[in-house]
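Please keep the sequence and the model in view while reading.

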Amino acid sequence: MEAEDTQPSPTAVPQPSQPAQTFFGLAQDARRPGLSRPVFNDDYVGQFPEDPYGQETAPNARVYRVYVEEAAAFDGNMVGQSRDGLDVMLVFAGLFSAVVTSFLVQVSQNLQADFSQMSALLLHDLLVVQLAMADGGTVNVTTPSINPAEKFDPDAIDVWINGLWVVSLVTSLVVAFASVLVKQWLHRYMTFPSGTPGLRSHVRQFRFMGLEKWRVRIIIGMLPIVMNISLMLFFAGLALF
């Protein structure tokens with residue numbers, strides 16, 4: 001019997017395993033839900049039934065339901081990122097304001113006369129007079145060590161330090177106030193009334209146009225810049241201190 005020509009079957013070459021996608025060293029599945037990529041379903045033809053003839057612009061039309069679906073994904077991403085940044089900014093501005101206030105309370109005393117030191121100097125003059133009278137001598141006390149009625153002029157360095165730290169405190173409080181205000185705007189923006197998709201679409205578009213008109217996203221982007229200016233003013237005053 002003739003031996004059949006047998007060819008060796010090709011062996012499967014093992015493919016290198018694809019490395020898992022990571023985000024700052026963390027696996028993609030282990031990330032926060034807010035950082036994961038949203039999965040969109042673009043098959044709106046199969047997802048939403050076709051409108052009857054003549055009902056393409058009705059309150060429950062497919063165009064409004066598609067708009068509500070797309071707007072929900074867009075707004076959720078936009079507002080989620082903004083809220084995270086505002087929460088961090090609000091906490092940092094509050095803590096920083098408390099630190100600046102504690103420094104400002106101490107240095108603001110240099111802008112007025114030190115009455116305790118003034119009282120000590122006057123008591124010293126009085127004690128010198130009493131000791132001289134007890135010894136039977138004479139002392140010329142026509143000119144005291146300090147005149148309480150004299151106008152007090154603070155040092156220029158103290159004025160600069162207080163001015164820088166006051167402006168720094170005001171700017172940090174402005175950032176905290178703006179963060180709270182923008183968070184309220186975003187909360188109101190995401191609160192939609194119950195009703196037909198047409199009504200929800202019109203309300204959402206009206207609010208989005210107001211958001212763009214008042215430049216809310218630009219305001220959110222400017223808050224870190226204002227906070228950095230506040231930090232630089234504080235460090236400038238600290239260098240002079």
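A residue is called buried when its relative accessible area is under 20%, exposed when that area is over 50%, and partly exposed in between, with a 1.4 Å probe and protein chains only. The model is a predicted one, in which local features need pLDDT of at least 70 and side-chain atom pairs count only at pLDDT 80 or more, while totals for chains, interfaces and linings use all residues. Residues are numbered from 1 along each chain as its sequence is written, and side-chain values use heavy atoms, with hydrogens and water left out.

**Overall fold**

- The protein chain has six helices and two strands, where helices (H or I, at least four residues) and strands (E, at least two) are DSSP runs numbered from the N terminus.
- Read from the N terminus, the order of elements is β-β-α-α-α-α-α-α, and buried residues account for 23% of the 241 residues in the chain.

**Salt bridges**

- The structure holds three salt bridges, each defined as a side-chain nitrogen of Lys or Arg within 4 Å of a carboxyl oxygen of Asp or Glu.
- Arg-204 pairs with Asp-75, their closest N and O atoms lying 2.8 Å apart; this pair links helix H5 (residues 197-213), which holds Arg-204, to helix H2, which holds Asp-75, across 129 residues.
- Asp-75 is buried at 1% relative accessibility, and Arg-204 is buried as well, with a relative accessible area of 7%.
- Asp-87 forms a salt bridge with Lys-183, with the closest N and O atoms 2.8 Å apart; because Asp-87 lies in helix H2 and Lys-183 in helix H4 (residues 156-190), the pair ties together parts that are 96 residues apart in sequence.
- Asp-87 is partly exposed at 34% relative accessible area, and Lys-183 is partly exposed at 25%.
- Glu-212 forms a salt bridge with Arg-217, with 2.3 Å between the closest N and O atoms; Glu-212 is partly exposed at 29%, as is Arg-217 at 39%.

**Helix packing and the nonpolar patch**

- H2 and H6 pack at an angle of about 20°, with their axes 10 Å apart, and they therefore count as roughly parallel (angles under 35 degrees).
- Val-99, Phe-103, Phe-235, Leu-238 and Phe-241 make a nonpolar surface patch of about 460 Å², to which helix H2 (62-107) and helix H6 (216-240) each give two or more residues.
- Phe-241 sits in the segment after H6 and is exposed, with a relative accessible area of 58%.

Note on methods
Patch = residues over 30% accessible without salt bridge, like charges linked within 9 Å, V, L, I, M, F, W, Y side chains within 5 Å. Areas by Shrake-Rupley, 256 points an atom, 1.4 Å probe, with all protein chains shown as cover. Axes fitted to C-alpha atoms, helices over the stretch in contact; angles between N-to-C directions. Parallel < 35°, antiparallel > 145°, perpendicular 65-115°, else oblique.
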